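Please find below some notes for a colleague who has not seen this structure before.

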Amino acid sequence: MMNLFRINQIKASLSYGGIMLERFFFTKQGDFHPQESDPITLLSGPPSSGKTSLLFQFAVNSASQCSNVNSKVVFICSRRRLETKPPYLAQGIDPGCDIFKRIKMKYINDDDDEGIKKYFAAFHLKDTFPVAVVVDDFGDFFYESCQERYGNPRGRDLAMVRTLALCHNAIIFANKTGPCRLLLSDTHNGDSPRSLFIYKRWIRTIFTVKGDDSGSFCLKYNKYSEIGSSKGTKTAKYSVAFQYLLLEGITEVDDEE
């Protein structure tokens, strides 16, 4: 029989999943306290499913809902990919509002995983830490050049492991002085992230996107830990249309799979 401690762990996990789910959309919320939950999160979904829009809305919410007006959010991405497919804002957000001044864009060249490693390797040297760091298309920065660099056919996996270790250590260090979240995104074509076995080593909170027959998408929270993945949680249904990120609704689901 499952003991009370493990039951409470699952309940807390489900509650946190519901809170985090709303962080990807424009909703009325109070101040959010990242230190109360897992500081590192992964968002994974198929191509052209609005992941960048979800990440950017997360950045907007993180900047606007923090009580410290001097807090910044760092958004790391490829300039080429961002300009090719820019994020859509949710309805009700003024593109000219001051909150966007608190989001610092950091551009890294395509397949430049070294750029990400250097950023997090020097993270502890910062005078102040951002309230959140968002990395769009994290997995796409690791290409075949990793094989040549490491002299190993699994060079890409090795590069990802070492970079994720740096990311993890940097965020844990930052959280000793104040809340700091890290949100990564990746692309998958199946039912789960292509490098799930690697991500699970460093990340326990994973959100996955899946399309439906109506042309909308479902964002689901998954919790990975020693007690297994969560069952019975919230799912957000959304669409990306008319140059807007549209939240269609958030519902409770009972996943028995």
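1. Leaving aside neighbours within four places in sequence, Phe-120 is in contact (heavy atoms within 4.5 Å) with Val-133, Leu-166, Cys-167, Ala-170, Ile-171 and Leu-182.

2. The model is predicted: local features need pLDDT of at least 70 and side-chain atom pairs count only at pLDDT 80 or more, while totals for chains, interfaces and linings use all residues. Residues are numbered from 1 along each chain as its sequence is written, and side-chain values use heavy atoms, with hydrogens and water left out.

3. Phe-120 belongs to helix α4, residues 113-121. Helices (H or I, at least four residues) and strands (E, at least two) are DSSP runs, numbered from the N terminus. Is Phe-120 buried or exposed? With a relative accessible area of 3%, Phe-120 is buried; buried means under 20% relative accessible area, exposed over 50%, and partly exposed in between, with a 1.4 Å probe and protein chains only.

4. Phe-120 is also part of a cluster linked by ring pairs, together with Tyr-119, Phe-123, Phe-129 and Phe-173. Rings of Phe, Tyr and Trp (its six-membered ring) pair if their centres lie within 6.5 Å; planes under 30 degrees apart count as stacked, over 60 as edge-to-face and the rest as tilted.

5. The structure holds 14 aromatic pairs. One of them, Phe-25 with Tyr-238, is tilted, at 5.7 Å centre to centre and 55° between the planes. This pair links distant parts of the chain, 213 residues apart: Phe-25 is in the loop between α1 (4-22) and β1 (40-45), and Tyr-238 is in strand β8 (residues 233-241). Phe-25 counts as buried because its relative accessibility is 1%, and Tyr-238 counts as buried at 0%.

6. Phe-138 and Phe-142 form a tilted pair, with 5.1 Å between centres and 55° between the planes. Phe-138 is buried at a relative accessible area of 0%, and Phe-142 is buried at 2%.

7. Arg-201 lies over the face of Trp-202, 4.2 Å from the ring centre. Arg-23 lies over the face of Phe-58, at 5.4 Å. A charge sits over a ring if NZ of Lys or CZ of Arg is within 6 Å of the ring centre and within 35 degrees of the ring normal.

8. For the protein chain overall, there are seven helices and nine strands. Buried residues make up 49% of its 257 residues. Among contacts with a separation of 6 or more, 69% come from residues 24 or more positions apart.
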